[in-house]
Amino acid sequence: MKDPEEHQVKSWRPLQKSSRRKGRRRSQSKQDKLQESTGLDSQVLVPSATCKSLVFPRRPGYGQLGTKCLIKANHFLADISVSDMSHYNVKITPEVISRKTNKAIISELVRLHRNTDLAMRLPVYDGGRNLYTAGLLPFTYKEFNVMLNEEDDFTGCTREREFKVEIKYANRVSMQQLRDLLSGKQVDTPQEALSVFDIVLREVAAQSYVSIGRFLYSPDVRKPQQLGGGLESWRGFYQSIRPTQMGLSLNIDMSSMAFIEPLPVIDFVAQILGKDVHSKTLSDSDRVKIKKALRGVKVEVTHRGNFRRKYRISGLTSQPTRELIFPLDEQMNMKSVVDYFQEMYGYTIKYPHLPCLQVGSQRKVNYLPMESSQVGGIVQTIQQNNYENNPYAKEFGINIDNKLASVEARVLPAPWLKYHETGREKEHLPQVGQWNMMNKEFSEDPVIPVYSARPDQVKKALKYVHSAALDKLDGKELELLIAILPDNNGSLYGDLKRICETDLGLISQCCLTKHVFKINRQYLANVALKINVKMGGRNTVLLDALSWRIPLVSDIPTIIFGADVTHPESGEDSCPSIAAVVASQDWPEVTKYAGLVCAQPHREELIQDLFKCWKDPQRGVVYGGMIRELLLSFKKATGQKPLRIIFYRDGVSEGQFYQVLLYELDAIRKACASLEPSYQPPVTFVVVQKRHHTRLFSNNHDDKNSTDKSGNILPGTVVDSKICHPTEFDFYLCSHAGIQGTSRPAHYHVLWDENNFSADEIQSLTNNLCYTYARCTRSVSVVPPAYYAHLAAYRARFYMEPDVSSEIAKLRGARSKDRHVRPLPALKEKVKNVMFYC
């Protein structure tokens with residue numbers, strides 16, 4: 001095997017390709033005919049962000065393996081009787097940024113003109129540029145003038161404004177493509193038609209619920225629960241219309257969210273601080289806490305009787321109310337806030353030691369004493385959805401069944417696990433997705449010399465331990481560093497991992513002091529699991545793997561990849577996204593996964609470093625990238641080249657399926673061809689989704705044989721009918737036992753399949769792999785390679801040191817995607833070949 005930079009590897013021979021079922025092309029375009037400089041033939045895809053030159057593979061049939069059962073799903077059959085719909089573009093002048101105001105304008109327009117100019121049509125509007133009707137309006141273009149009373153959030157003043165609304169016909173929204181899809185024809189999902197129904201159903205619910213993002217909440221769904229700190233929990237739901245095998249389905253998922261209690265501001269502040277504020281002055285830290293909690297919150301005044309004007313809080317005064325003065329007129333005659341309220345409203349301020357709320361705009365700040373205002377609750381009559389009688393549902397011919405969908409499912413059998421021959425229990429069959437380490441030994445028994453040090457200065461301490469160990473071991477590397485950290489260690493854990501893994505090349509295991517001194521057997525067993533795999537050991541292996549009985553894995557050398565991209569928290573626009581790829585390094589066992597990480601532009605979902613190609617002045621064309629490096633390490637570890645690739649990709653939304661597949665499958669192809677131009681092992685590309693809203697429930701909660709201890713469906717429950725896609729190859733799998741709440745199944749969608757997996761083969765493989773997760777003795781909810789990629793990406797966040805240039809660019813307002821992304825420090829060779837992220 002040559003070094004990674006040498007791109008011609010003669011030992012990598014092509015796999016003789018048989019006829020395969022895979023994603024196919026609609027037509028051969030000019031792009032398809034291009035040959036890449038890497039030596040790829042015309043079958044290699046050329047990525048395009050907008051090109052949809054692929055059709056995802058059809059479902060190869062339904063799974064038969066496992067014990068059949070009946071379960072419930074949170075899907076409700078939706079009957080749509082409308083024929084075609086009409087799409088109109090909306091332009092509002094002067095331009096309005098607020099979608100809420102836009103909707104108010106259109107709502108007023110409909111109220112005034114529905115019976116005349118709109119010919120009794122009841123349109124739905126998305127708050128932006130799109131308006132839809134169930135049929136045609138009697139015009140293709142028309143202008144309307146609408147007067148709207150607007151309330152200013154900051155000043156609380158109401159003013160009347162005139163808006164010009166232009167409505168122009170755009171296109172017909174055909175229902176034929178949706179009917180074709182639901183009848184089983186392989187066509188593109190008609191996103192526009194589905195989005196119209198989502199808008200309609202949202203309009204139905206928005207009249208009775210508070211809208212927060214894609215969720216709708218109400219205090220009447222269930223009695224609000226007090227959370228403390230001035231907050232209460234409301235129940236709500238998410239809803240989405242989806243094409244399924246049973247027809248159109250309304251997917252409804254329950255949710256909870258914290259809302260500010262409607263109570264006097266002074267009481268709200270007391271709850272936030274957890275102390276009485278009626279007599280005690282506030283510290284600077286108290287003010288910061290209050291300012292953060294109240295900024296942007298709407299309040300209404302209570303000192304003017306029945307007159308309840310509303311304001312939005314913009315800040316908090318640094319001085320107490322008794323010290324505040326303001327100019328009364330243009331002649332700058334000053335008056336105190338205390339005197340003003342007494343003379344103007346006959347109101348005596350009771351708590352002048354407290355600061356005032358600042359309301360209004362920056363140009364004209366108004367002072368409002370805390371005691372004279374109340375946090376504004378949402379006062380409106382909340383009713384449950386009534387689709388049958390709702391005018392919008394009637395207008396668009398939508399009827400929703402009120403029963404949960406009954407779905408046929410199967411419970412896949414748990415796999416037998418193999419442990420080391422020296423243990424009393426060499427083989428074990430997990431029960432209800434869990435087992436323990438009693439009477440078992442690991443597959444390997446590595447020597448683990450333990451050293452410890454108290455890192456007052458973490459970098460200095462680690463370098464000392466590393467140097468001392470080299471001296472004591474006659475130049476041999478320290479195998480393992482065990483670090484016992486304080487319970488509240490701040491950035492110490494991240495600093496230690498960064499130094500060990502990117503600077504010194506040390507494998508480390510951190511433990512918290514509180515756990516160490518308890519000496520709990522379960523905790524020690526879990527730590528031992530992590531240490532073993534970090535040292536290159538193997539905790540358990542599928543018995544079928546050792547018996548060469550796993551279909552489409554055991555027959556030829558197979559490498560299984562997992563990939564994920566993690567993004568910065570919401571509101572953080574300067575940090576890069578982190579991509580991670582792991583790949584199995586043992587065959588046929590498929591338990592050890594090496595991992596690589598890279599930084600890439602902010603919020604970029606496509607993994608940029610899967611394959612790289614550049615010109616070097618001395619060496620010429622050089623190839624690299626994470627896929628290529630992991631293929632090489634597989635060959636080095638097993639002595640064989642992978643003849644099959646299975647790629648589990650986490651974190652991709654449905655709207656990104658085509659883009660991710662085209663880009664990343666192309667990178668996989670190029671990485672393979674860089675090793676040998678004709679080397680193209682067959683690829684199966686599977687997207688793993690956890691952030692969906694489908695939930696599965698037992699059909700009979702009283703039947704203990706059909707539920708686990710938490711009352712959830714049994715681990716191994718798989719669904720590939722009724723609520724799944726009408727034509728494409730997807731399934732839901734609940735591979736884990738529930739601990740608390742409702743178990744969320746993982747959704748697997750096969751986007752490309754050159755290996756001709758049957759439904760049973762891919763479902764069984766995925767479920768069995770979930771029993772090989774290294775960090776616990778439970779089956780996990782997501783296939784381990786995808787899980788490991790997520791862990792590796794999370795670990796890489798600790799490798800990023802503060803970037804001064806990024807902070808400067810952030811202050812200048814530069815977009816994060818336009819800024820240069822500083823590469824992560826490279827992992828040491830010793831580290832990246834083991835499961836350091838566990």
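**Two helix pairs**

I began with helix H8 (residues 458-472) and helix H9 (residues 492-504), which pack at an angle of about 45 degrees with their axes 10 Å apart. Helices here are DSSP runs of H or I, at least four residues long, numbered from the N terminus. Axes are lines fitted to C-alpha atoms over the stretch in contact, and angles run from 0 to 180 degrees between N-to-C directions. I noted H8 as oblique to H9 because of that angle; oblique covers whatever is left after under 35 degrees (roughly parallel), over 145 (roughly antiparallel) and 65 to 115 (roughly perpendicular).

I reminded myself that this is a predicted model, where local features need pLDDT of at least 70, side-chain atom pairs count only at pLDDT 80 or more, and totals for chains, interfaces and linings use all residues. Residues are numbered from 1 along each chain as its sequence is written, and side-chain values use heavy atoms, leaving out hydrogens and water.

Next I looked up who touches whom, with contact meaning heavy atoms within 4.5 Å. From H8, I found Val458, Lys459, Leu462, Lys463 and His466 meeting a set in H9 that includes Leu492, Asp495 and Ile499.

Then I turned to helix H13 (residues 626-638) and helix H14 (residues 657-675), whose axes come within 8 Å and cross at roughly 50 degrees. That angle makes H13 oblique to H14. On the H13 side, I listed Ile627, Arg628, Leu631 and Leu632 in the contact; H14 brings Ile668, Ala671, Cys672, Ser674 and Leu675.
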